[in-house]
Amino acid sequence: MQSIWNGAISFGLVSIPVKLANATVSHAVSFRQIHTEDGGRIRYRKVCELEEKEVPSSEIGKGFEDADGSIIPITEEDLAGLPLPTTRTIDIVAFVESERIDPLQMGNAYYLMVNGAPAAKPYALLREALRRSERVAIAKFALRGRERLGMLRVVDDVIAMHTLHWPDEIRSPEEAAPETDVTVRDAELDLADALMDTLGDVDLDSLHDDYREAVEEMVTAKVEGREPAPEKEPAQGEGTVIDLMSALESSVREAKRSRGEGEGEGAGEESGEKGGEKSKDAEVTSLSSRRRTGTRAKPSGGSGSGAKKKSAPAKKKAAGGSGSGKSAASSSRGKSGSGRSSTAKKTASSGSGTKKTASSSTTKKKTASSRRRSA
């Protein structure tokens, strides 16, 4: 790991020789400016305004621009003569709880590496002291021509240092706050909490730069002379949230859907609700129709013994001429009619027997009279 600064950590009377190395690296894709007509590269040249010619780096110095526009030259000797005790020293000034450091103050991150074998022991001492106390060290140091504020903390077995903005460099957040008073309801907070719970935790190591990968794929495709794969366009929002509650509810559903949770539940609940509404509507319609016709509901076991027992009283009521027993009355009339018909038939058959007897007696009388005449 390449170091960018050599110095020492001043820990009371303890001095720890260290080297400073960048703890982060940028993987952003960089572009060059070119002339669109012929593809020629555009470069920035350092030109003196007075002579209107390019100046080499060896002839370039520093200057301070005054309020009237005049330039006051500043040499390296002028800067070297300033009282800056932290030029080659990371001077620890205090140990504080990490919660006291506002993340707004944090800047670049560096690793502090031991510079030589003798530095290993005091380095490990400071590291373990920070680890056991669960505190961080606040220090001053000079880097790239200016004094800076830093925070030292333990990362695994290494002491890391973060540059901190000076307190007066942090702008007040009041200017960025909404100018109008806004009231947030408990129901909206509950939905926001539900959305936070649905999104849940994430493995930070799994996060990556999708845009950088797309740019690299596009560049590779151009080099190989092929068309890059079409990218899926992200959903475009309308820009204005009209109904916050609706937006929160939709966000919760979308978050569950993206995680594969609750698939089919919404449809099942919806169909269940619709089915319940339909059954209620059918029940209401059935009750209203029963009220109009004056009939009662049939029992669930319509063909069982209970139905037969209930039909017997209906036949008895039919004799009273009630409207509900008309079918029973007509049935009883049919039975009584068939009874009279059978009686009439019996009478007719007995009557025919009598006629036959009378006919035989008449025949006997005629035979007797004929016998007398012949005698």
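Trainee: Which residue of β7 stands opposite A8?

Mentor: Please bear in mind that this is a predicted model. Strands of a sheet pair through backbone hydrogen bonds, either parallel or antiparallel. Here A8 stands opposite T89 in β7. The two strands, β1 and β7, run parallel and are joined by three bridges.

Trainee: Which residue of β2 stands opposite A8?

Mentor: In β2, A8 has P17 opposite. Seven bridges join β1 to β2, residues 14-22, and these strands run antiparallel. They form a hairpin with two residues between them. In the turn, G12 has a positive phi of about 65°.

Trainee: Is β1 mostly covered or mostly open?

Mentor: β1 is mostly covered, since five of its seven residues are buried. As a general idea, the side chains in a regular strand alternate between the two faces of the sheet.

Trainee: What do the strands form when they are followed from β1 onwards?

Mentor: They form a closed barrel of seven strands, in the order β1-β2-β8-β11-β10-β9-β7, with mixed pairing. From one strand to the next, the twist averages 40°.

Trainee: How many bridges join β8 to β11?

Mentor: There are five bridges between β8 (residues 106-114) and β11 (residues 158-164), and the two strands run antiparallel. Within this pairing, A109 has H162 in β11 as its bridge partner.

Trainee: Let us turn to the aromatic rings. How many aromatic pairs does the structure hold?

Mentor: The structure holds one aromatic pair. F11 and F95 form this pair, with 5.9 Å centre to centre and 70° between the planes. Planes over 60 degrees apart count as edge-to-face, and the pair is therefore edge-to-face. It links distant parts of the chain: F11 belongs to strand β1 (residues 5-11) and F95 to strand β7 (residues 89-97), 84 residues apart.

Trainee: Are F11 and F95 buried or partly exposed?

Mentor: F11 is partly exposed, with a relative accessible area of 24%. F95 is also partly exposed, at 31%.

Trainee: How should I read charged side chains?

Mentor: Side chains of opposite charge can pair when their charged atoms come close. In this model the count comes to 13 salt bridges. One of them joins the side chains of E128 and R131, at 3.3 Å from N to O.

Trainee: Why are E128 and R131 separated by about one helical turn?

Mentor: Because they are three residues apart in helix α2, about one helical turn separates them. E128 is partly exposed at 35% relative accessibility, and R131 is partly exposed at 36%.

Trainee: What does the salt bridge between R146 and E169 tie together?

Mentor: The closest N and O atoms of R146 and E169 are 3.5 Å apart. R146 lies in strand β10 (residues 146-155) and E169 in the loop between β11 and α3 (186-199), so the pair ties together parts that are 23 residues apart in sequence. R146 counts as partly exposed, at 39% relative accessibility. E169 is partly exposed as well, with a relative accessible area of 37%.

Trainee: Which residues do salt bridges with shared partners join into one network?

Mentor: The network consists of R127, E128, R131 and D157. Another salt bridge is formed by E175 with R171, whose closest N and O atoms are 3.7 Å apart. E175 and R171 are both exposed.

Trainee: Which residues form a nonpolar patch on the surface?

Mentor: The patch is formed by F64, I72, I74, L79 and L82, which together have about 440 Å² of accessible area. Among them, L79 lies in helix α1, residues 76-80. L79 is partly exposed, with a relative accessible area of 36%.

Trainee: Finally, which backbone angle deserves attention in E52 and E134?

Mentor: The angle is phi. E52 has a positive phi near 55°, although E52 is not a glycine. E52 is placed in the loop between β3 (47-48) and β4 (53-54), and E52 is exposed at 68% relative accessible area. E134, likewise not a glycine, has a positive phi of about 55°. E134 lies in the loop between α2 (120-133) and β9 (135-143), and E134 is exposed with a relative accessible area of 66%.

Methods. Residues numbered from 1 in each chain as written. Predicted model: local features only at pLDDT ≥ 70, side-chain atom pairs only at ≥ 80, totals over all residues. Heavy atoms only, no water. Helix = DSSP H or I, 4+ residues; strand = E, 2+ residues; numbered from the N terminus. Buried < 20%, exposed > 50% of the residue type's maximum accessible area, 1.4 Å probe, protein only. Patch = residues over 30% accessible without salt bridge, like charges linked within 9 Å, V, L, I, M, F, W, Y side chains within 5 Å. Areas by Shrake-Rupley, 256 points an atom, 1.4 Å probe, with all protein chains shown as cover. Salt bridge = Lys/Arg side-chain N within 4 Å of Asp/Glu carboxyl O. Pairing = 2+ DSSP bridges. Axes fitted to C-alpha atoms, helices over the stretch in contact; angles between N-to-C directions. Phe/Tyr/Trp six-rings, centres within 6.5 Å; stacked < 30°, edge-to-face > 60°.
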